[in-house]
Every structure is written in structure tokens, then in C-alpha cells.
Amino acid sequence: MTKTAIHVDHIARIEGHGNVHVVIEDGAVKTVEMNVVEPARLFESMVRGRRFEEIPYIASRICGICSASHVVTDLRAIERIFGVQVSDRTRALRELLVYGSYLQNHATHLFVFAAPDFVGMKSVFPLAEANPELFEQALALKALGNELCTRVGGRSVHPITAVVGGFTHELEAGEYLELAGKMDGARVFAEAALDLFRSFEVPDIQTAGDMLAMVEPGYYPVECSNTARFLDAGVEFDVNDVNDHIEEYMVPHSAALLARVRDTASPFFTGALARINASWEHLGQAAKIAAAKAGLRPPERNPFMNNVAQAVELVDALDRCAAICRHMAADDISGSSEPVGFEVRAGRGVGFTEAPRGALFHELELDAQGNVVHASIMTPTAQNVANLEADMRLLAEKMVEAGAEEDAIRLEIEKLVRAYDPCLSCSVH
């Protein structure tokens, strides 16, 4: 018997800490494990007993990149419990806030974490030396995301202006127009980034599981819907019923709390690729043309194409945010962003947004005084880990069958992990 063990004891260029172990015996892949070695974060315990006003600010500390998404997701959960209906203007500001984190995350992931894989470099530093203009433009795009979050949310991370029912501060018309101009100026680079990532060769595999994304008729949604859809199964559900459709479970080899479809016990994928497959027809015209030019059209099931999907979302986010800013400056979006009145009451609600890395669910139960009785947070990476393991197995089997060397298998598995854009720190509860 011949036995080969492939170990990656620390996966570089991802958020958090994780290892990969693959065992091959007699030419067959026997074991594929993604070992998340992060300690428990305990955020759900931290918020128990706290007043509802504190929860978004505590939960935003889960992630520095996705903090805006955690704030908005908690606010949506609380507002479902209290029966709060926010204005269109508040929704537009929240969309700007979430898209600011998209610009931050996607620019960082694509150029700092993923790009070195495809140009034969071990880190971003040689890439920055070899192509300083590319690197500076990528950092400028991330900085624009930081600025959008700062202008709308009060800070580039852990926003403070978004509250239950509205915002405590809003920009002046001139500030909106200034931001719109910067968004327009960044689009040329975003389109070039899309062409660059589509030019990279990737293994031809099809993801093992279903895909999950927010859906909304007539829109490319990131925070405006309470409906999620499993794309392959065609199953839609209100997010208050999320526990009827998704179950979390533990495995001995990982600290992450994994997720699977409850009815079928199968894994699933959430993220930019799932969003584009779900809402392709609602992408903006520029993004759709750029995506089609790059060869990305649904149904696309190669998980490596998540990189390309994020590049498409950069183009779409810039166009969408520029349009929102112009509408806000012209007072074309109805209502006031000032917080609306509400009555505190007991109840349970699930907030749902599309964070940069995928579907994000916050389940809250409050007592009559507005204190948290129970909280559960299901992050995108926690949902993706099981599907990532399954896809790593598919990739390893394909490469073993083709007679690939051990180093080549190791490299492609690392590239696959990075294509998922995981935040392993956020995958533990």
C-alpha cells in the first residue's frame, strides 16, 4: 500500500487560522479535512442579557471587514421584532454602508490574498514591487470603500450612525456628489481587474453542493429582502424560518460550527458567485456587459470563479453606489433617514443581509424590556466550510486521477481555499 499525506499546517493569505489535511492511499483520496483552529469567539454569550441598542455594536466586533453587515443584520432582526418599518432613504444609506464593505473586502481579497496565487508569488509584496501601479490602484479602491463606510457609518469599521429605525447623521448633498464622482473614477480599474482575473487559468471543477443567496424581485439585493433561496433545489424561505432549512453541526476535526441543508444533509455555498447566479438579470448594465465579456454567465458552478464574481460585484457596486449617491443628493429617495419611533416588545426575529462573503443570519429573541434572551449568529464562512471540504475532495480526486505531483495538489487546494474568501475567525460561534 502506498500512502501520501498532504498537510498545509497554516493556510496563508486568509482571515483566521486553519489547516488542511489530505490523505491519499493507493491512488485514491481517503481523507480531506479543513481544520479550523480558531478558539470560540463567544459573541452570542456576550450579548445575552444586554439591551437591544447595544447588540449591533457588540456584534460588529465579530469582523473588521464585515462589521457594517453585522450592524445592519442585527438592526433588521430587532426591527422585525418591534415591527419597525424604515424609510426608503434609510434603506439606501444601509445599502451604501454594506457596499462600502464590499469594496473594502473584494479589493483586499482579490489583490492581497488571491492574485499572488496566479502570478507565481508567495505574497503580495513581490507583486507590489513588480506592478506598483496595479497595487496602488487596488489599495485606492479599498480606501474608497473605507471612505464610504466612514462617511455613511461614522467610522471605516464598526459603524456608529446606524441605529434602530434610521441614522443619527446623514451627508450633505455635496458630499454625496463627491462620492459619486469617485465611484465613477474607480470603475475603469474595476473593469480591468475583472479582465485580469478572468485571464487566470483555474481547474475545471463543479461545486459539490447547492448555492444559497438572498433574492428580491427586480433587484440585486444585499439588505432589502427577507427571502433566501437554494438555487438548485428552487426552495425559497422567509429567514425567520432559517432553522427549518439550515442546520448547524460539529465535527471532531474542526472548531467551526458547520452548516448543511436540513432536508438533504448536503453542503451548500454562499457568496458572490451564488449571488450572481441568483440575480444575474438584476446586475447593472456595465457589470453584466463586463461579466459576459469575461465569460461569466449563470449557471456558473466552478468555485474558483468566485474570484471573478467578486470582480463583477466591484463594477456593479461602484455603479450602484454612484447612482444612489446622486439620488440622495437630489432628494429623489423618499422619506427621512432620522430614526422612526417604535415600541419595545418581546419577540423573536432573524436579520438577513448579504455580507461580502455571503449570506449572514442573526437570530435574536428579546424579552419585554428589550433584553436579549437568546442569540445565534450564522456567518457565511460557517455555512461554507462543509462545502469547501467537499470541493477540496473533488479537486484532489481530479488531480490524483490526472497524476499530479504532491506539490501541485497542495498549491491548487490552497488556491481553492482562498477563492472561497473564508474568514475562519468568523466561522466559530
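Predicted model: local features only at pLDDT ≥ 70, side-chain atom pairs only at ≥ 80, totals over all residues.
How near do the axes of α7 and α11 come, and at what angle do they cross? They come within 8 Å and cross at roughly 165°. Residues are numbered from 1 along each chain as its sequence is written, and side-chain values use heavy atoms, with hydrogens and water left out.

**View 1. Helix α7 against helix α11.** Helix α7 covers residues 173-198 and α11 covers residues 306-329. Helices (H or I, at least four residues) and strands (E, at least two) are DSSP runs, numbered from the N terminus. The crossing angle of roughly 165° makes α7 roughly antiparallel to α11. Axes here are lines fitted to C-alpha atoms, for helices over the stretch in contact, and angles run from 0 to 180 degrees between N-to-C directions. As for the labels, under 35 degrees counts as roughly parallel, over 145 as roughly antiparallel, 65 to 115 as roughly perpendicular and the rest as oblique. The crossing of α7 and α11 is left-handed (the near helix is turned anticlockwise from the far one by less than a right angle; clockwise would be right-handed). Residues of this contact split into 22 nonpolar, 2 polar and 6 charged. Ala, Val, Leu, Ile, Met, Phe, Trp, Tyr, Cys and Pro count as nonpolar, Asp, Glu, Lys and Arg as charged, and the others, Gly among them, as polar.

**View 2. Helix α11 from end to end.** Buried means under 20% relative accessible area, exposed over 50%, and partly exposed in between (1.4 Å probe, protein chains only). After the helix comes Asp 331, with a positive phi near 60°.

View 3. Counting a salt bridge as a side-chain nitrogen of Lys or Arg within 4 Å of a carboxyl oxygen of Asp or Glu, a search of the whole structure turns up 32. One of them pairs Asp 319 with Arg 187, the closest N and O atoms being 3.0 Å apart. Asp 319 sits in α11 and Arg 187 in α7, so this bridge ties together parts that are 132 residues apart in sequence. Both ends are partly exposed: Asp 319 at 24% relative accessibility and Arg 187 at 28%. Glu 313 bridges to Arg 275, with the closest N and O atoms 2.7 Å apart. That pair links α11 to helix α9 (residues 272-279), 38 residues apart. Glu 313 is buried, with a relative accessible area of 2%, and Arg 275 is buried at 2% too.

**View 4. Helices α12 and α13.** The axes of α12 (residues 380-401) and α13 (residues 406-419) come within 10 Å and cross at roughly 150°. That makes the two roughly antiparallel, and their crossing is right-handed.

View 5. Most residues other than glycine have a negative phi, and most peptide bonds are trans. Asp 26 is not a glycine, yet has a positive phi of about 50°. Asp 26 belongs to the loop between β2 (18-25) and β3 (28-36) and is exposed, at 52% relative accessibility. Asp 331 has a positive phi of about 60°; this residue is in the loop between α11 and β12 (347-355) and is exposed, with a relative accessible area of 58%. The peptide bond from Pro 298 to Pro 299 is cis, with omega near 0°, and Pro 299 is in the loop between α10 (285-293) and α11.

**View 6. A histidine pair.** His 158 lies in the loop between α6 (132-153) and β4 (162-163) and is buried, with a relative accessible area of 16%. The C-alpha atoms of His 158 and His 70 are separated by 8.9 Å, though the two are 88 residues apart along the chain.
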